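Dear colleague,

Please find the structure below, followed by a short account of what was found in it.

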Amino acid sequence: MAFETLVINPGSTSTKVAVYGGQDQLFQDEISHSVSELKQYDTIIDQFNYRLEAILSCLETHHYPLENLAAVVGRGGLLRPIESGTYLVTEALKNDLRVGVSGQHASNLGGLIADDIAKRQGLSAYIVDPVVVDELQDTARYSGSKDFERKSIFHALNHKAVGRIAAKGLRKEYQDANFVIAHLGGGVSVGAHALGKVIDVNNALDGEGPFSPERSGNLPLWEFTRKMQEVPASEVYSQIVGKGGLVSYLGTNDLREVQRMMDEGNEVASQVFEAMAYQIAKEIGAYATVLKGQVDGIVLTGGLARSPLFIEKIQQYIDWIAPIIVVPGEDEMGALNEGAQRVLDGTEEAKHY
Ligand SMILES: Nc1ncnc2c1ncn2[C@@H]1O[C@H](COP(=O)(O)OP(=O)(O)OP(=O)(O)O)[C@@H](O)[C@H]1O
Ligand SMILES: CCCC(=O)O
């Protein structure tokens, strides 16, 4: 039996909506939210009704009857640290999404909107592998100061999905293999996957790891602290997430644009391109060390992995470590659906937050 699911993925400037029948996507839409529309709302949670109405009208445009649904699944959110899996949306989970217990993120709306639509049909709502999936080994939690503990915040949904794809390619189960997985998107997260657990990963929302299209990654801390005393508090975080990386060096978060600059002979663009590949490769080497060299494969995924030139640059540093598997782009919608399908068909039990 093919269960139909509604999948909701709120991002910072768009909401993706899709309906699946079993593994097949019946349709997908991306609703764009202009800066001026979003400016009306003080917080992400204040956008709830606006985004909900947009999703409902998208479903109407497709003449999709909500009665056909077996479940609704949303991307979520900055919750408390939890283990990987598909979670039933409960009151406790909704409450933590609303208050932003670990911070504000567009995906906090995923579970809340999924639950609202599910309730209308008397169905359950789920979230799958939110960004706070935490499987860190204890040694990885040390930051170097007793006042700060390292946190696991990364592109868990895509990491886990491509981990399963890579394992299948090696005719193994994900939980029987070791991978270094690098999600290369607007932000970058590189994780050590040991027998199905991400035992260490750079916190992609807090200035750890390599620089990326819009994030700074590690910075010289003392210099940063001094410099940031000169700017308003609201500006400080955006220097790490949003205005860092390619945006800071070249004024764009688009690697394709950077490659156009390089084609026109822009030397700075070429150097920044090289440096981003270098930092990512260095991080991959570090995580291979976390796995003590026992690496079945290195997976390169996300939007940047669509660039053969960028992949080639990284590859030249790391191809001695383990076979490289490139899974370009990401399929968060498919991964959310699969998480819900595993619960609907009884392969997995939904976890409770
Ligand atoms: N064909 C391509 N060639 C080169 N770069 C590409 C290509 N397609 C996408 N990119 C780059 O990938 C980056 C965006 O990746 P992606 O779409 O995975 O990120 P995102 O979803 O916005 O952010 P995140 O993954 O951090 O949530 C941009 O820099 C974009 O220019
Ligand atoms: C940290 C994972 C999510 C994001 O990049 O926004």
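**Findings**

Lysine 292 lies in the loop between α10 and β12 (297–302); helices (H or I, at least four residues) and strands (E, at least two) are DSSP runs, numbered from the N terminus. The model is predicted: local features need pLDDT of at least 70, side-chain atom pairs count only at pLDDT 80 or more, and totals for chains, interfaces and linings use all residues. Residues are numbered from 1 along each chain as its sequence is written, while chains are lettered from A and ligands numbered from 1 in the order in which they are written.

Lysine 292 has a positive phi near 55°. With 10 C-beta neighbours inside 10 Å, lysine 292 counts as exposed (buried means 20 or more other C-beta atoms within 10 Å of a residue's own, exposed 12 or fewer, partly exposed in between, with C-beta atoms placed from the backbone). Histidine 63, in the loop between α2 (48–61) and β4, also has a positive phi, about 50°. Histidine 63 is exposed, with 6 C-beta neighbours inside 10 Å. Most residues other than glycine have a negative phi, and most peptide bonds are trans. A cis peptide bond, with omega about -20°, joins glycine 76 and glycine 77.

Helix α5 (residues 156–169) has 14 residues. Of these, 10 are buried, so α5 is largely enclosed by the rest of the structure. Among the buried residues are Leu157, His159 and Lys160. Just after α5, arginine 171 takes a positive phi of about 55°.

Yours sincerely

Note on methods:
Expected span 1.5 Å × (residues − 1).
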